[in-house]
Amino acid sequence: MAFIKGLLTSCLVLASLIFYANAVPISIDKTKINIPEETIKEPPQSADTGLHYDRYLREVIDFLEKDQHFREKLHNTDMEDIKQGKLAKELDFVSHHVRTKLDELKRQEVSRLRTLIKAKQDIEGGNDIAVDHQALLKQFEYLNHMNPHTFEVEDLDRLIKSATKDLENYDKERHEEFKRYEMMKEHERLEHLKTLDEEGRKKEEEHYEEMKKKHADHPKVNHPGSLKDQLKEVWEEADGLDPEDFDPKTFFNLHDTNGDGFFDEQELEALFTKELEKIYDPTNEEDDMVEMEEERLRMREHVMNEVDSNKDRLVSLDEFLVATKKKEFLEPDSWETLEQNQAYTEDEMREFEEQLVRQEQDLNQKAADLQKQKEELERQQDQLNAQKIELQQAVEHMERLKTQNEQPEMHLEGNAVPEMHDQPPIPPEHQPLPPGHQEIPPEQHVVLQNQQDLGQGHHNIPQNNQPMPPGHNNLPQDSPQVLLNHNNVP
């Protein structure tokens with residue numbers, strides 16, 4: 001919460017300084033003087049808090065600071081009342097324009113969170129599963145997810161409390177992250193040694209020890225915040241002032257860069273840059289810049305624990321002046337750097353190695369499963385390709401049959417006879433019969449021939465032995481015969 005108050009008050013102080021610095025006395029005739037061009041200076045940007053909702057936090061603070069009523073209440077409210085939510089209740093009295101903008105900011109933040117939830121679900125492969133956004137939004141305690149449309153008193157109260165708690169845990173999380181970084185670096189070094197032969201390992205170990213020795217060979221590091229050593233050195237080398245003229249109040253004002261009357265965490269860390277440059281050089285192989293940032297964090301935490309009496313994560317001028325009179329700052333102990341304090345224990349390293357082994361086994365199992373899935377997909381693809389080939393062959397076979405069964409059509413005009421090219425004449429007995437005639441079987445050919453041989457003598461054939469026309473039957477011999485003379489028929 002102190003961080004939030006610091007952000008708010010810094011903007012107010014800076015604005016007032018700019019106003020008075022640019023004010024022109026009324027007694028001066030502006031037509032007779034050359035007024036230099038105004039250069040609008042941007043207020044100093046506060047360092048990122050590291051919170052995943054840092055942007056939302058800053059935008060809410062920026063718009064609340066624009067409301068005069070809220071600014072006045074902020075200056076008149078102590079830290080305990082802010083933590084208890086009394087400041088949040090003043091939200092009901094801010095202007096309509098500010099409330100409307102806060103509503104818009106909240107809707108944008110809820111939309112951002114929903115997008116993150118959806119993206120996480122897509123990565124985990126749950127595209128077909130319905131997302132319960134209301135249930136998942138519960139994990140974000142800094143806003144009221146039940147009302148995603150308007151920014152209310154509860155939202156400001158949640159934001160204040162969440163930021164206070166999360167910032168208190170932020171340093172702890174950074175330390176854990178650094179510890180994992182150091183253990184992973186050592187793990188990779190040991191794994192690299194396993195790949196070398198005996199001579200290579202010996203050279204690598206010698207190089208490693210040489211780098212450690214070079215890194216430890218640096219000037220004395222002053223105790224952070226010590227009046228005699230560290231602060232006076234900054235006063236002399238960074239500020240260019242005589243160490244005999246050191247004044248704690250002047251020093252505080254010089255390094256309170258945003259002019260809000262407090263040293264925040266970033267302003268404190270800037271004081272340790274000179275000490276860190278004694279240990280770390282980005283051009284040196286033996287110096288790790290990640291370790292430098294961890295060293296900076298350790299220094300800042302130490303000063304905060306010694307100086308920040310009300311634990312609001314800010315150092316006021318009064319707290320600073322009191323601290324500079326303490327014995328710990330006048331006669332400090334030596335400061336132990338990171339190389340003198342290993343970030344992890346042997347037990348932690350062993351547990352970390354076991355965890356890496358389990359992770360590797362899990363990854364290998366997943367890789368084996370993926371390989372099986374790949375092989376199964378390839379097998380199915382081969383089957384599909386074979387079926388495709390069979391289908392193509394069947395289609396081609398059907399096309400050939402269709403082509404063979406189709407007879408070419410002949411278009412003739414009138415009684416034109418199709419031309420026969422190089423074809424011998426067809427004998428009469430092999431010529432096709434006219435329509436409506438049937439072919440006579442071979443056994444009947446003799447009968448027809450005999451009939452032709454009889455020729456003119458057919459009248460000598462007895463009548464009863466003549467063949468009957470179709471549809472007539474021969475009468476039996478014992479039946480009466482009626483002989484008609486066609487001449488007697490009327």
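How many residues does helix H16 have, and how far does helix H16 reach from its first C-alpha to its last? In this predicted model, helix H16 (residues 346-405) has 60 residues and reaches 88 Å, close to the 88 Å expected at 1.5 Å a residue; the expected span is 1.5 Å times one less than the number of residues in the helix. The buried residues of H16 are Met349, Phe352 and Leu356, where buried means under 20% relative accessible area, exposed over 50%, and partly exposed in between, with a 1.4 Å probe and protein chains only. These buried residues of H16 pack against H7.

The model is predicted, and local features need a pLDDT of at least 70, side-chain atom pairs count only at pLDDT 80 or more, and totals for chains, interfaces and linings use all residues. Residues are numbered from 1 along each chain as its sequence is written, and side-chain values use heavy atoms, with hydrogens and water left out.

The protein chain has 17 helices and 2 strands, taken as DSSP runs numbered from the N terminus (helices H or I, at least four residues; strands E, at least two). Of its 490 residues, 29% count as buried. The accessible surface of the protein chain comes to about 35500 Å², and carbon and sulfur atoms hold 51% of that surface; areas come from the Shrake-Rupley method with a 1.4 Å probe, and for residues only the protein chains shown count as cover. Among contacts (heavy atoms within 4.5 Å) with a separation of 6 or more in the protein chain, 67% are between residues 24 or more positions apart.

Confidence is given by pLDDT, the predictor's confidence in each residue from 0 to 100. The protein chain has a mean pLDDT of 77, and 70% of its residues reach 70 or more. Over residues 7-47 the pLDDT is below 50, and this stretch has 28 contacts in the model beyond near neighbours in sequence. Residues 475-490 also have pLDDT under 50, and for them the model has 0 contacts beyond four places in sequence. Where pLDDT is low, the predicted coordinates should not be read in detail.

The largest nonpolar core has 31 residues, of which Tyr53, Tyr56, Val60, Leu102, Tyr142 and Leu156 touch the most other members. Helix H2 (54-65), helix H3 (68-75), helix H5 (96-123) and helix H7 (153-194) are the elements that give two or more residues to this core. A nonpolar core is a set of buried Ala, Val, Leu, Ile, Met, Phe, Trp, Tyr and Cys residues joined through side-chain atoms within 4.5 Å. Not counting residues up to four places away in sequence, Tyr56 touches Leu105, Lys106, Glu109, Tyr142, Phe151 and Leu159. A second, separate core of 27 residues includes Phe246, Phe251, Met304 and Leu338. In soluble globular proteins, nonpolar side chains tend to be buried together.

Helix H7 also holds Asp171, which counts as buried at 7% relative accessibility. Beyond its neighbours within four places in sequence, Asp171 is in contact with Leu297, Arg300, Glu301 and Arg313. Asp171 and Glu301 are 130 residues apart along the chain, and their C-alpha atoms are separated by 8.5 Å. Leu297 lies in helix H13 and is buried, with a relative accessible area of 0%. Residues up to four places away in sequence aside, Leu297 touches Asp171, Arg174 and His175.

Apart from residues up to four places away in sequence, Arg189 touches Glu205 and Tyr208.

His215 belongs to helix H8 (residues 198-216) and is buried, with a relative accessible area of 7%. Its contacts, leaving aside neighbours within four places in sequence, are with Ile279, Tyr280, Glu286, Asp287, Glu291 and Glu339. Thr283 lies in the loop between helix H12 (273-279) and helix H13 (289-307). Thr283 counts as exposed, at 67% relative accessibility, and a polar contact of 2.9 Å joins its side chain to that of Asp281.

Conventions:
Polar contact = N/O pair within 3.5 Å; in protein donor to acceptor, adjacent residues only side chain to side chain.
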